[in-house]
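These are my notes from looking through one structure.

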Amino acid sequence: MTGGPAPQPATPPPRRAGADRLIALFLFGVVAFNPPLLRVFGAGDTLFGLPLLYVYALGVWGGVIALSAVLLERRGR
């Protein structure tokens, strides 16, 4: 046996906060478009004459796209 130092295990590279935020945004999208939550907004109510379900779905969809664009643009720097 040799008396040399034991090899150190390789440490994984630190995770970037941007990747964590993108994962959180994906999970938010999954929860936001979950059928039980969509049923809450599909009750037949309207907002300015538009069905509330359409307003909710398009608003969340646009918000997820806008937030992902901001996160990906910031990540490129």
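This is a predicted model: local features need pLDDT of at least 70, side-chain atom pairs count only at pLDDT 80 or more; totals for chains, interfaces and linings use all residues.

The classes I used are buried for under 20% relative accessible area, exposed for over 50%, and partly exposed in between, with a 1.4 Å probe and protein chains only. Tyrosine 56, at 13%, counts as buried. I then looked for ring pairs: rings of Phe, Tyr and Trp (its six-membered ring) pair if their centres lie within 6.5 Å, and planes under 30 degrees apart count as stacked, over 60 as edge-to-face and the rest as tilted. That rule gives one aromatic pair. The ring centres of phenylalanine 41 and tyrosine 56 are 4.0 Å apart and the planes are at 10°, so I noted the pair as stacked. Phenylalanine 41 belongs to helix H2 (residues 35-41) and tyrosine 56 to helix H3, so the pair ties together parts that are 15 residues apart in sequence.

Residues are numbered from 1 along each chain as its sequence is written, and side-chain values use heavy atoms, with hydrogens and water left out. The mean pLDDT (the predictor's confidence in each residue, from 0 to 100) is 85, and 82% of residues reach 70 or more.

**Entry 3, the elements.** I counted three helices and two strands, running α-α-β-β-α from the N terminus. Helices (H or I, at least four residues) and strands (E, at least two) are DSSP runs, numbered from the N terminus. Of the 77 residues, 8% count as buried.

Where does UniProt place the feature "transmembrane region"? The unreviewed entry gives residues 22-41 and 53-72; such annotations may be inferred rather than shown by experiment. In the model, residues 22-41 are 90% helix and 0% strand, with end C-alpha atoms 26 Å apart. Residues 53-72 are 100% helix and 0% strand, and their end C-alpha atoms lie 28 Å apart.

Is tryptophan 61 buried or exposed? Tryptophan 61 is exposed, because its relative accessible area is 51%. I found tryptophan 61 in helix H3 (residues 52-75). Phenylalanine 48 sits in the loop between E1 and strand E2 (50-51). Phenylalanine 48 is exposed too, at 81% relative accessibility. Its phi is near 55°, a positive value in a residue other than glycine.
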